Structure formats: structure tokens, C-alpha cells
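Please report on how the two chains meet, and on how the partner described here is built.

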Amino acid sequence: MNVKISGKKALVVDDYHSMRVTLKERLVKLGFEVTEAENGLEGLEKIREDIPDMVFTDIVMPVMDGLELCQEIKNDQALVNLPVVVLSTHADASYILKALRNGADDYVPKPIDFKLLEKVVMRLIDGG
Amino acid sequence: MADKEAGVIDRMLVRIKHLDRLLNLVGEVIIISNNISTTNRRIQAFYDRGQPLDKTSLDMIKTAEESSNRISSDLHSLVMDIRMVEISGTFNRFRRAVRDMARDAGKDVELEMLGGDTFVDKTIAEKLYDPLNHQVRNAIDHGIEDPLERQRLGKPAKAKLTLKASMRENNIYIQVKDDGRGIDADKLLIHAENKGLVDKSAGEKLSDEEKLNFIFHPGFSTKATASKLSGRGVGMDVVKSNIEELGGSISIDTRLGEGSAFTYTIPQVTAINILDCLTVRAGSNLLAVPILNVVSTLRVSSDKVHSTFEEGRTISYLGSLVTLYDLNELLGETPINEEESRTIVIVDDKNGKIALNVSELLAPEKLVYSPLSDIFDVQGISGVTTMSGNRMGLILDIHELIGRSKGIVKDGHEQAPGAGEVVEAPDEEDAGGEPLSAKKESENDRPLVETVALSSDIGSDIGHRDEFLMELEEMVNNVGEEVLSLENNPGDTELINKTFRNFHSIKGNLMMVGLNELGSFVHEIEAILDQARSGDLEITSEITDILLDATDVIKDAKKSIVKGKPPEISKSLLKSVAKFQEQKEVKTVEVIDVHQRTFHLGSLERFNLMAHRHTGHSVYQLFLCFKPEFQHTFLVALLILKRISKIGNIFGTVPSIEEIENQNIERQLKIMFSSQLDKKGLEKFIEDVLVKYYDVTEFEILKTF
């Protein structure tokens, strides 16, 4: 898939710098303008400051985890259509279901398969 | 070596003023040559008459000698000057290279060049390119952080790389400096220990400088990485030998978090192959000792030579003991065997000072020096020369001799027999096959390179592996401390949560660097903590032991990456972990025949369906086949349903939602839903969205009403 996006903003929420950097690098390559947050709460603040076109969040984080972040986004009328992709090393069905029930729009297991990431991005941007 | 020489350009531009000076000197040579002819005829006449030479003739000879001495020295310095070029020519080659390398490495780097107008010998300027290139690459690949990291550290996003040249007292100083992360001496030590270059007990005693010197050790960085990351195929050992070939040395100044500077000190005098030497005789050998290395010459009677078991023979020089060696013996030849008195030359280089016993001191001479090619590599000899009287002589390689005297054996050559031992060099070699102690630092203990993490190629080709590994180290340390405090406070929920999170992140990083097996193991650890987190399991000492053991295994992960083989987890640990694994429920899965089964609609769904039909929506029964490429089948099924619910209302599915959630689904799905889309519109939606992005391979609109 040859993906190129322009003028879209993405927010990456992860408590680990390496993961943020890796993800950011990929998303920038796809054409996103990327901002970062270290936990769900910081993410939510950044979203409310400037609504991005897509959110990528880890699940397990201090302060506010990714599932809570999903809930907060989907419970906010202004943000309900903001696509949220959950990324996690939890590969169990129970976690995926938890994420979906909390409003996640897609689920990408870690380590991230970048082809899947591109696919998910296109799924949500072009196919959404 | 030949390849390298071939790469050196054999032409250069010469300044007119230098040519003019050369012309003047040629004029003077002609004058002297005429004077010598005159003098010669005059002497011949005296000889023919059988008379002794008069004073005028002697003066004429003396003048001719003085003039020719002055001219050869002028010629030498002129040729030196002609060969001088501005170092900026070499520096400028990095303008573009730095830009390209930085771009490839995703770094933002500004190149600063200072002292470009420093004149250096052309050969030096050219031979500096390879080592500089290597170091510039190293700095960009490993020293300089990426812009994000730099911002995080509060550094300017744009890194600064400086190439600087200066000249002081016949020495050229070339510096490569970056403001990156610096080199962690302790990490180098760990790497050196892992590589077996030094044992733990010896390693602990090393100074930072000594630890840093490991980077010059051959093979300190693995070849695979070197070529993969930078495609350069040379290590810092090669850089060091490049500089040493020029008679120079390298020093490292590095500060963690602030950057590193490598400084080459190169004597300008090595530029041309004329060497001031002291010629000596040792037995039947004529040898030349470079004056630069000569500390002193002396004659001592044999009773001034002390002999001790540990240190061999020593003499006292300026209040300190210097070990005495028979020069011939050191070169592997028959010893001189002088008993009455000894003629001694004391020589030194940066590795120390030794005394050489010779047969006779001859004279200080300026010698034209021809280096020995690699094929004729003779230990302790660096080149051949023609001495006065047209006699062939050998030029001693004092650096190597001192290395040999200290028992540092080069390239499998054996230690010179009978050579005494020097105080700083304990006799570990004799133990046979022991790794060289790093304490015995010499040219042979060259090491490394770059930061430790970059090593093998197991694992992924993700660009930030070093960083994942660095984080991993930090996480493991944190988790270790947490587990220890968990031992004392087993009921601390917050602490359990934190430990759980940390193991979870460790798992992520392990997988990111390609250690999937270890990642899965950590997943089991995480699962144990998850049980503790939800209160199903109490933290006992048995559990904390497992956690600590697991931490140790993860700690070794980096080592295993360096070695290129997966880390080992002991059977007993796996067994203890298995004990705490949750018993997974065994599900009985009923295979669902999607085609045969009908929708089970409740009365509310039926009511809804009727209502939608009345509002002009069409109701569809859609059959889908899909083939997930990356994700779980049930996840893709749920995503498809979620997407369809955006264009309509779903009343029922086969398999049912509950069944899908229980993963009881086999890539086939039947959906009953209503939508405003007509059949064509629906087909288009399926083609454009579901087929394109949701792994749908086949579809059939079964029934519409």
C-alpha cells in the first residue's frame, strides 16, 4: 500500500520515548504532523487544545491509561468521531475486546507491524 | 596497504614562489659544484707535487661542506613547504558528506570547520581523510542524538560537529568534536568484559581513560554492525593505526551527555622521509635509532647493572630504574655479550622507557628512510636506509621494541627470548592464553568503537534499537528495585501496579528489538503480576524470587544480542513460572455453518426492522468472506460490523456477536441490517471500503426487502 497523507495531524500517546519516536517517525513518513503525549491525561489535554485527525495510544500507562483515554474521547460529543487506534503488547482477546468496548476504533498489536499500521491509517482515514 | 597508496592523488599544484626558491637553490648547487671542481683540481695539484694541503684548500673544502649542508637543509624545508597544503581541502570534503550522513541517520547536524588555513603535509592531509571520515560517521551515527531526543534533553535540536586543525611546536592537532551523548566508559568496560578483553577484577581497577581505550581494540565492535550501520568496514582500531602510521596519537575527551572530542596529534616532521638518527652498531648489525626516541647515551661498567629475578637487568638512570635489554636479543639475534662495560642508549616513547645495550655508538646522521613494506615485516625494524659510507642500515622501530620489551606480543610473533620484565607488566602471558590485561596498554590493545549497543543483527531492523536497549536497561534497573521493595511490602497495590507496568513495557521493548521468545516469557511474568493486581494472587517470597530471576535474565538480554544468540531461561525458572500460570478455560467450540444458520432476532430487533422499512430504508442480508492479513479474525469481524453500523442498523449477525467475541468465527460472516443505500450503493460501499480496507475477499447480497 502506498500511503501518503497530507495536512493530517496525529497524536501519539505512550509513556515510552522510544515507542513514541518510532511511531512518530513512521507517521511522519506517512505524511502526518505528529504531536506526542506521555499519558492519557496529557493526551486528552493536547486533544482538547487542538483536535487531531487520529489518536494512537498505548494501553498501559501511568496517570491515565489508554482505555480511559478512549472512554473520555468517545464520551465527549465534540470528539466522538475522532478515530482512536489502540496499540498494545497485550495480544489477548480480552484486552482487544476491552479496548473496543471502550470505544477504540482499531487495535494494533506491538511490536508494530508497520504495514498493518499503514493499513489501519488508511482504513480510518480513507475507509472511514 | 597498496590499495590505500593507490588512492592518494599523485599530482598537486605548486605555488610560483616555491618554484622561484627552487630555482635559486639550483643556482647555488651549480655554484657549489663549480667550487668543488676548482677545489678538487687544486687538491690534485698538491697531491701530484707530494705537498700537504695549504690552508686555502682546507678552507675551500670547509666552505663547500657548509654550503652543501645549508643547501640540503634549505632544499628539505622547501620541499616540505611545497608539499604543504591547507587542511581545508580535506575538511571541505565533509561538507556534503555530513549533510548526507545526517539526513540518512535522521539527525540534524551543523558542521563547523576551524583552522582550515592550517598547512599540513599533503600526505598527511590525504591520509587524514579515512580516519576523519570514520569518526564523522561514528559521531553522526552514534554520538549525536536525534533531534527529538536532544530536545528532550534540553539541547539545541541542531547538533554541532566540529572539525578543527591547529599547529603548535611542529605538531599538527586535528580534532573531531560533537556535542552528542558522549561515551560511557563503564559501558565500554562491560562490553570489553563480555568480549573477554579484560576480566572483571582487572576491569574494576581501570581508570576511565583506560576504559575508553578499549574502543581502539580490534574487533571491539562487531563487523556486522559496522558495515550495516555505516558501510564503512573499519573500526576505531583502523583509525588508530592510520594515525600511528603518520607517527601520531589519538586522545579522547568525552563527557556523558555533553559530547566527545577525538584529538589527533601528528608530528609535522614525519611528513617527509628524512629522519634524524643516531647510528649504532650491535654485533655485526648497523642500526639507526630515531633521535626523537633517544633520551640519552651512556657507558656503564657491568657492576652498575643490577640483576633481579622479577625485573631482569636494570640500570639506574636519573634516580629511577630502567630495564636493560640487549638490543640484538630484543631483535631475536645473538646477544652481544659484553662483560666489562656496556654502551647504552636510553630510548622512550609514550609507552615507557627502556635501556638498550649496544656494541658501539657511531654518529648522528640525517638518513633517507625507506619504509619496509608489509611483506618484509621485521619485528622491531621500521625501515632501511643508506648510511654514510654507502652501508645499508636498519632503522629501529622504538615503539614496537618497547612494546616487545614489555612482553606485548604482536600478531603471534613470539616474545623475544630472555628479555627482562618491566615492573608495570606482570607476567600474565606466561600463564598461557589468558586475555591481555588492559593495564598493559599498548598499540596492540586497540579497541572499539562506538556505543556498546550496536552489535549484532538478530532482531528487527528498527532504527531505534539502541534506544530501546538503553531504555530496557533503565526499565530493568527500575523493576529490580521495585521487586526488592515489593519483597518488604507485598501488599502495596500501587507498587504491584507499577511493577506490572514496568514488566509490560519491558516486554514491549524486548519484542521491538526482536527478542520475541524472551518477550513471551516476560508476558507470563506479567500475567502473574496481573493476577496479583486483581487480588487473585498474593505476593509471596516465591513470587518475588521468580521476579528477581526474571530480571536477571532480562539483564542479560543485551549481552545475548551482542553475542547473537537468544538468551537462555533456566528450566527451573520456567517451571516456577508455569506453576503460577492461570488455568485457561478449555472452550468447546461449535463450528458454525454460516450459510445454514438463520438469524435469531428478538422481538425488539423485529420491531426495529419493521420501523426502518417504513422509513424507506432497505433491509439487506449480506454474506461476507474475509481473510485477515495481520489481525485476529474476531477483531476484523467486529471492525467490519462497526463500520457497517455507520451506514445502517444491524439487527442480527451469524455468528452472533457473543460468538464472535468468544472467537467462535471462521472468516465468514452473515449480517442483517438496514440502510439508506440502494443495492448499487451498497455494492460500491463494500468494494470501496470493506474489500479495500477490511480484508473482505468475497461478498454476496443474499436478500433484500
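## Interface area

Chain A and chain B bury about 3,600 Å² between them in this predicted model. Carbon and sulfur atoms account for 60% of that area. Buried area is the accessible area (1.4 Å probe) that two parts lose on being put together, summed over both. Y16(A), H17(A) and R123(A) supply 18% of what chain A buries against chain B, more than any other three residues.

In residue terms, 43 residues of chain A are in contact with 41 of chain B (heavy atoms within 4.5 Å).

Six salt bridges cross the interface (a side-chain nitrogen of Lys or Arg within 4 Å of a carboxyl oxygen of Asp or Glu). One of them pairs K692(B) with D126(A), at 3.9 Å, N to O.

The side of chain A that touches chain B draws two or more residues from each of helix 1 (17-30), helix 4 (93-101), strand 5 (106-109) and helix 5 (114-125). Helices (H or I, at least four residues) and strands (E, at least two) are DSSP runs, numbered from the N terminus.

## Chain A itself

Chain A has five helices and five strands. Along the sequence they run β-α-β-α-β-α-β-α-β-α. Of its 128 residues, 64% count as buried (under 20% relative accessible area, 1.4 Å probe, protein chains only).

## Basis

Residues are numbered from 1 along each chain as its sequence is written, and chains are lettered from A and ligands numbered from 1 in the order written. Local features need pLDDT of at least 70, side-chain atom pairs count only at pLDDT 80 or more, and totals for chains, interfaces and linings use all residues, while side-chain values use heavy atoms, without hydrogens and water.

Definitions and conventions
Buried means under 20% relative accessible area, exposed over 50%, partly exposed in between (1.4 Å probe, protein chains only).
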